[in-house]
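Here is a short report on one protein chain.

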Amino acid sequence: MDLRQLRYFVAVAEERSVTRAAARLHLTQPPLSAQIARLEHELGVPLLVRHRRGVDLTEAGRLLVEHARSVLADVDAAVESVRRTGQGRSGRMALAFVPATAWSVLPGLLRGFRAVRPEVELTFLEGGSDAVAEHVRARRADLGLLHLPPGGAGAGPDLDVAVVRREPLVAVLPRELAAGFGDRVDLADLAEQPFLMPSRELAGGLAPHLLGACRLSGFEPAPREVELVATVVALVGAGVGVSVLPASVAAVCGPDAVTRPLARHVPVVETGLLRRRTDPPTPAVQRFLRLALDTPEPDALGPAFARG
């Protein structure tokens, strides 16, 4: 018994005629009759009662058609599921990310991806830069989203990295303090202010950018570290201190904290995606990468990644 025989039998059962079933299946009648006869021989029971007007189902035939419809429906569903997964329209993808990207780069990427691949099941892992890299390395995550250190260094010889966003640093100030500055802020003028920053463990590659901006402005900060960027912003708004953060932080600034461009040039902050060098991306991951890198063709993904 094979699937073709089951499809043939269901067609005969539904049409109640070998002739009509043959026309429906785009076959001639003799080979269809031969397949049904072979099926009856394999099962050892008659499935049809043949008469001049067509055929009727035996009790065994009625039972077989119920099972055959169920089997064929399962097979069709499996084929469609495999095709959708192979085309990246369904499947699974695990993404690790550092907390600061949850209100900057990540939302836009997810909105865009969900718009084109709504059936892909997404899993998220949140942690510091080292944890993100380890999630990708250990195959707990397909991709890792994090801030890159100055110079854009990768996360090791087994991972590749691609830049998905570049943004400038800005000063983050209490509203009252910002009122005393112009359109741009020289960080040197903030050297005596308490300096706040997210923890180096969670900020990862972002931390050297923040400290480097202060050093380029001529002072060495003694930062007070808190866990999250959102906490930094809240404390700045409460007048506890000042900070310097990527420009996208404006999205989480409330009425009491404001951002100002820097008067002196400092290197931009790069946000990158990590992937395992030796593993080809699944279709779903490949589609996410093409969206994140704004790359129309899969072949262009390779050059977008640099070795770590």
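Among contacts in the protein chain (heavy atoms within 4.5 Å) between residues at least 6 apart in sequence, 73% join residues at least 24 apart. This is a predicted model: local features need pLDDT of at least 70, side-chain atom pairs count only at pLDDT 80 or more, and totals for chains, interfaces and linings use all residues. Residues are numbered from 1 along each chain as its sequence is written, and side-chain values use heavy atoms, with hydrogens and water left out.

**Overall shape**

The protein chain holds twelve helices and 13 strands. These are DSSP runs, numbered from the N terminus: helices are H or I with at least four residues, strands are E with at least two. The radius of gyration is 31 Å, well over the 19 Å that the globule rule gives for 308 residues, so the protein chain is more spread out than a compact globule. That radius is taken over C-alpha atoms, and the globule rule is 2.2 Å times the number of residues to the power 0.38. The C-alpha trace spans about 100 × 40 × 30 Å along its principal axes.

Of the 308 residues, 44% count as buried. Buried means under 20% relative accessible area, exposed over 50%, and partly exposed in between (1.4 Å probe, protein chains only).

**The core**

The largest nonpolar core has 37 residues. Such a core is a set of buried Ala, Val, Leu, Ile, Met, Phe, Trp, Tyr and Cys residues joined through side-chain atoms within 4.5 Å. Elements giving two or more residues to this core include β7 (169–174), β10 (243–246) and α9 (206–216). The largest share, six residues, comes from α9.

Leu169, Leu173, Leu187, Leu245 and Val249 have the most contacts inside the core. Leaving aside neighbours within four places in sequence, Val249 touches Trp103, Val170, Val172, Val229, Val233 and Thr259.

**Single residues**

Asp160 lies in strand β6 (residues 159–167). Its side chain makes a polar contact with the side chain of Arg277 at 2.5 Å. A polar contact is a pair of N or O atoms within 3.5 Å; within protein, one must be able to donate a hydrogen and the other to accept it, and residues adjacent in sequence count only if both atoms are side-chain atoms.

The disulfide count is zero, with a disulfide being a pair of cysteine sulfur atoms within 2.5 Å. For Cys214, the nearest cysteine sulfur is that of Cys253, 17 Å away.

| Buried residue | Relative accessible area |
|---|---|
| Asp160 | 9% |
| Cys214 | 0% |
| Cys253 | 19% |
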